[in-house]
Structure formats: C-alpha cells, structure tokens
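Reader: I would like a close look at a single part of this model. Please keep it brisk.

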Amino acid sequence: MSGKVFKLCLFLALVLPLAVSCRPKAPASIKFDTDLVSKGKIPPDSLVQTYTFNFVNEGGQPLHILRVDYSCSCITAEYPTRAIRPGKGGQVVITYNGEGKPKRPFSHHATVHTDGDTAESELYIYGVLVP
C-alpha cells in the first residue's frame with residue numbers, strides 16, 4: 001500500500017508543477033495614466049510643444065507598440081521600440097509643431113497600435129495658439 005502512495009505522491013510532485021506552468025498567461029494590456037493632455041495658451045515663442053503620456057503593461061505577456069498614427073502632419077511621436085515586460089511601463093511622447101498654423105484652438109490625436117488586448121488607444125492633445 002505504501003508503494004502506491006509513494007508512486008502517487010511522486011506522480012503528483014512531477015506532474016502538478018507542469019500543469020500549473022501550462023496555464024495561459026493574460027495577454028499584454030496597455031493602460032495609460034491619461035489619454036488627454038492640454039497645454040492651454042501657447043505663446044508665439046513656444047510653438048513646439050511636447051506632450052508625455054505614461055503607460056503600464058498590465059497584462060501577463062510582453063507588450064509591443066507596433067506604430068503610432070497621427071491626425072495631422074504637425075505632430076510626431078516617440079515611443080519604445082523594445083518589448084515592455086508585464087508590470088513595467090514607458091512613455092509615448094507626442095511633439096506638436098504649431099509653426100505656420102493659424103492662431104486658434106487646436107486638437108489632434110495619435111493612435112497607438114499594439115499587439116495587446118487593446119489593439120488601438122487614442123491619445124488627445126489640446127492647446128490654443130495665441131498671437
């Protein structure tokens with residue numbers, strides 16, 4: 001009888017850790033602190049503005065930002081090209097260039113494309129170019 005118990009315990013000791021490690025991990029998931037940044041009034045001597053959006057990968061897999069699309073040629077974005085490990089974060093920095101733009105309120109957005117469970121995230125920037 002004790003031989004059967006020993007074999008059962010040995011079997012469980014070997015198989016149970018494998019079963020636990022085979023569970024699928026949650027997919028990558030990007031979470032931004034905010035999706036909107038407003039600079040208010042922007043004077044003529046500060047027409048180039050940067051907007052920083054912090055994020056965390058809240059999923060269980062590495063997150064990759066595939067690309068960022070813009071609503072206007074007046075904005076560009078910098079973002080991590082390396083994988084973001086679960087629980088770690090990074091920044092998407094959007095630069096707005098108001099040179100040659102009309103002196104009035106503006107709003108633009110950037111679309112962040114990832115391989116996570118939220119394939120697209122919209123980030124919005126606002127401001128007012130003043131004369």
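Leaving aside neighbours within four places in sequence, which residues is Thr-114 in contact with?

Author: First, the ground rules. This is a predicted model: local features need pLDDT of at least 70, side-chain atom pairs count only at pLDDT 80 or more, and totals for chains, interfaces and linings use all residues. Residues are numbered from 1 along each chain as its sequence is written, and side-chain values use heavy atoms, with hydrogens and water left out.

Now the contacts (heavy atoms within 4.5 Å). Beyond its neighbours within four places in sequence, Thr-114 touches Ile-30, Leu-63, His-64, Ile-65, Leu-66 and Ala-119.

Thr-114 is buried, at 5% relative accessible area. Buried means under 20% (1.4 Å probe, protein chains only).

Its side chain also makes polar contacts, meaning pairs of N or O atoms within 3.5 Å, one able to donate a hydrogen and the other to accept it; residues adjacent in sequence count only if both atoms are side-chain atoms. The side chain of Thr-114 reaches the backbone nitrogen of Gly-116 at 3.1 Å. A polar atom of that side chain lies 3.0 Å from the backbone oxygen of Thr-118.

Thr-114 belongs to strand β7. Strands are DSSP runs of E, at least two residues, numbered from the N terminus. Residues 105-114 form β7, and 9 bridges join it to the antiparallel β8, residues 120-129. Within that pair, Val-112 has Ser-121 in β8 as its bridge partner.

Both strands sit in an open sheet of 4 strands, ordered β2-β8-β7-β4, with mixed pairing. Pairing takes at least two DSSP bridges. The edge strands, β2 (36-42) and β4 (65-70), each pair on one side only.

Conventions: Buried means under 20% relative accessible area, exposed over 50%, partly exposed in between (1.4 Å probe, protein chains only).
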